[in-house]
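Here is my note on the model you sent. Please read it with the structure open.

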Amino acid sequence: MTSRERVIAMINRKPVDRIPVITGSAMVVEYIQKIGGVWPEYHRNAEMMVNAVSMMHTDAGTDNIVIPFGMFIESIALGLDVKMGALDIQPSVRSSFKEPTDVKYENFLEDPYVRTTIEAIKLAKERFPDAAICPFLVAPVTLAGDLMGAENLARLSLKCLKKEEHMEKMKKWISVALEINKIYARACIEAGADILYYSDASASPNLVMPDFYYKVGVPAEKELGDFIHSLGCPWELHICGNAVPILEGMASTGADFLSIEQAVGMKEAVRIAGNVPVVGNVTPNLMIDGTEEQIISDVRKGLDGGAKASMLGCGTPPSSTSDRLKIWVKAVRDWSAENL
Ligand SMILES: [Zn+2]
């Protein structure tokens, strides 16, 4: 099986020759330096981006390639202030809009960062047809939070559960986010994306109430997911933190598979998610300073717990070392050889 076939088979609940290994966002400094990537240029240079992220596939051995590096593309394209971080620090959104009507997205696809993503998808697809190409995109609740500001999201998410007028306001923000999500999703799929990888970080119970997730997050993600499916593409849903109280909701969105953090036990997640494949929960920091034994034992724990693919609990940390990434991939191969 090629990497792409392996991941697609996993999604379709079909037999695999070995368990797929998939990465989340991969701004790995070692790889960026190896290809001569320059900060912050690599965030808006498709060639540099593909050269760096594809090393996760060609060198470390993951089955997918994730583009772009961070979760700021939508925001910067909408004109929000983004602090570009550093070689080993993700860019972060620093401003917000006052009203949903202030958000202008008519020219969204013409933004240089958005165009870089689209170009990078095409380039990756052309050069690595055997890998699963996965654009890394900001899901609706998180995007709405970027638009209104994360603190406002936390505040309004509480108020809207109590009063209808606040719910109306929240729905306006979510609906703008969804419009942007759909424009971007369509462009990524037309560029050749195999799977859309959505992080709804701000839908985590760490930030908003599970009740809010069920009332607002699930319908929004489902609407976006149905749209993506109507274009013939599968999608992955990742939510950070202890997602146990919302896992049933995540599974009901229609996502093709769910990605969880190390805060969630794999066995329990698999039980709650039912027939929706669950991936993730390998402790990301082990890729920075874990011993071989620690990495192998953590990887095996997830697979023993029923993970359908091995993935780190969140993105691949910038300071990950390639030797540790390779230990991770080998641990999955060895487990597969013994158990499949
Ligand atoms: Zn996460």
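The points below go from the whole chain to single residues.

1. Ground rules. This is a predicted model: local features need pLDDT of at least 70, side-chain atom pairs count only at pLDDT 80 or more, and totals for chains, interfaces and linings use all residues. Residues are numbered from 1 along each chain as its sequence is written.

2. Overall make-up. The chain has 15 helices and ten strands. Helices (H or I, at least four residues) and strands (E, at least two) are DSSP runs, numbered from the N terminus. The radius of gyration of the chain is 19 Å, close to the 20 Å that the globule rule gives for 340 residues, so the chain is as compact as a globular protein of that length. That radius is taken over C-alpha atoms, and the rule is 2.2 Å times the number of residues to the power 0.38. The C-alpha trace spans about 55 × 45 × 35 Å along its principal axes.

3. Burial. Of the 340 residues in the chain, 54% are buried. A residue is buried if 20 or more other C-beta atoms lie within 10 Å of its own, exposed if 12 or fewer, and partly exposed in between; C-beta atoms are placed from the backbone.

4. Helix 10. Its 21 residues (210-230) should span 30 Å at 1.5 Å a residue, and the end C-alpha atoms are 28 Å apart, which agrees. The expected span is 1.5 Å times one less than the number of residues. A kink of about 40° lies at Gly217, shortly before Pro219. The bend is the angle between axes fitted to the seven residues ending there and the seven starting there.

5. Packing of helix 10. Its buried residues include Phe212, Val216, Leu224 and Ile228. The buried residues of helix 10 pack against several elements, among them helix 9 (164-190) and strand 7 (235-238).

6. Cis bonds. Which peptide bonds are cis? One runs from Trp39 to Pro40, with omega near -10°. Another joins Ile67 and Pro68, with omega about -5°. Pro40 lies in the loop between helix 2 (29-34) and helix 3 (46-53). Pro68 is in the loop between strand 2 (64-67) and helix 5 (73-77).

7. Positive phi. Most residues other than glycine have a negative phi. Arg13 has a positive phi, near 60°. Asn281 has a positive phi, near 65°. Are these residues buried or exposed? Arg13 is exposed, with 12 other C-beta atoms within 10 Å. Asn281 is buried, with 26.

Note on methods. Contact = placed C-beta atoms within 7 Å.
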